[in-house]
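Here are some notes for a colleague who is opening this structure for the first time. Please read them with the sequence and the model side by side.

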Amino acid sequence: MGLCTVVLLALASLRVNATILTGVVKIGEAASFPALNVTAVDQVQTRYRIALADTVGGTQNPPEQSRSGIEEALKTYRDLAEKEPETYLPNIAATLNDLGILDTDENRIEARKEFEEALKIYRQLAHKKPDIYMRYVAITLNNLGLFEGAGNRLEEALKIYRDLVHRDRATYLPYLATTLNNLGILDSGKNRANKAREEYAESLKIYRELAQKEPDSYLLYVPMILNNLGFLDSAQNRRDEARKEVSEALNIYRELAQKDPEAYLSHVAIALNNLGIFAQDQNHVNEARKEYQEALKIYRGLAEKEPEPYLPYVAATLVNLGILERTQDQPEEARKAFEEALNIYKSLAKQDPDQFSPFVEEVKKHLKNFPK
């Protein structure tokens with residue numbers, strides 16, 4: 001049975017971030033009770049902040065600014081552009097892009113308007129100076145496409161990046177790979193599996209090439225794309241391919257975690273949990289148990305240091321183990337896992353009832369199915 005729903009692990013910028021569990025997924029109806037599992041797919045949904053210093057004589061935007069600072073800068077650039085549009089229009093567009101990124105991160109609908117205005121300005125500038133400004137058209141199309149979930153925006157950005165790669169391969173190849181992956185995520189979510197697989201495959205090929213030359217910068221993207229391919233293949237019952245892809249992702253994450261455990265241990269655990277789900281789905285019980293147990297050990301360690309982001313993962317993995325043990329007629333082990341998960345979810349629900357109360361009820365249903 002393939003997975004039918006997915007919890008998304010979103011990655012922004014060029015850093016791997018810890019994530020918060022946002023849901024529990026069902027993976028089949030063969031048992032007399034619903035199987036609750038958690039899986040994750042990596043997304044390289046990079047939104048680009050625009051640096052102008054090297055191209056148009058502007059000041060590079062700081063990577064993080066307050067809303068008031070960005071809005072004040074935008075007002076200043078608008079005033080200056082009334083007198084000197086050629087000088088300051090690029091700064092308006094770049095600042096609008098920063099504001100759009102901030103509003104996207106805060107789920108504000110104003111982001112669309114800001115990205116659209118930035119795009120309009122960059123199109124005008126690119127009409128006169130394409131060598132300088134077409135890259136910014138593509139960057140803003142990417143940002144807008146991610147906000148809207150619009151394939152046409154990403155397709156246009158992809159076309160621009162392909163043209164730019166012919167001129168300057170070293171600079172634009174990473175942008176091409178990221179946009180391909182973003183399209184793969186979008187097409188996968190819309191059940192365009194063959195198209196998504198092609199996009200992921202091309203993105204993976206590029207990231208492998210980049211990682212051979214600059215592993216410190218690009219190796220982390222290889223397991224991300226492998227995870228995406230693994231989920232896609234699992235959803236299409238290509239189980240052997242899925243397991244092979246996620247196994248390779250796990251090996252790379254282990255390598256990365258050796259050097260930077262704080263950044264990558266959570267990804268090791270996610271890959272282990274995914275492999276456990278795949279193994280359980282194929283009735284490879286011993287493998288699934290081993291993978292869940294290792295993932296649980298990692299999550300417990302992470303939760304000791306940072307309980308807020310990682311306790312939900314501890315609980316979800318306990319549920320996975322509980323389901324596995326119950327299917328193997330190990331009721332006491334299953335009950336113990338469910339009860340611990342229930343206690344965690346109850347404590348989390350006190351702080352965030354909207355998110356975690358449904359999990360409390362789901363685990364209670366599992367416990368009700370045990371014989372008295």
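1. In this predicted model, the buried residues of helix H4 are Tyr133, Tyr136, Val137, Ala138, Ile139, Thr140, Leu141, Asn142, Asn143, Leu144, Gly145 and Leu146. These buried residues pack against four helices, namely H2 (85-105), H3 (110-128), H5 (151-167) and H6 (169-189).

2. H4 itself covers residues 130-148, and its 19 residues reach 25 Å from the first C-alpha to the last, which is close to the 27 Å expected at 1.5 Å a residue. Just after the helix, Gly149 takes a positive phi of about 65 degrees.

3. On the H3 side the contact is made by residues including Ala111, Phe115, Leu119, Tyr122 and Ala126, while the H4 side contributes, among them, Pro130, Tyr133, Val137, Thr140, Leu144 and Phe147.

4. A separate point concerns Gln280, which is found in helix H11 (residues 261-281). Is Gln280 buried or exposed? Its relative accessibility is 15%, and since buried means under 20%, Gln280 counts as buried. The side chain of Gln280 is also joined to that of Tyr292 by a polar contact of 2.7 Å.

Terms used:
Residues are numbered from 1 along each chain as its sequence is written. This is a predicted model: local features need pLDDT of at least 70, side-chain atom pairs count only at pLDDT 80 or more; totals for chains, interfaces and linings use all residues. Side-chain values use heavy atoms; hydrogens and water are left out. Helices (H or I, at least four residues) and strands (E, at least two) are DSSP runs, numbered from the N terminus. The expected span of a helix is 1.5 Å times one less than its number of residues. Buried means under 20% relative accessible area, exposed over 50%, partly exposed in between (1.4 Å probe, protein chains only). Contact means heavy atoms within 4.5 Å. A polar contact is a pair of N or O atoms within 3.5 Å; within protein, one must be able to donate a hydrogen and the other to accept it, and residues adjacent in sequence count only if both atoms are side-chain atoms.
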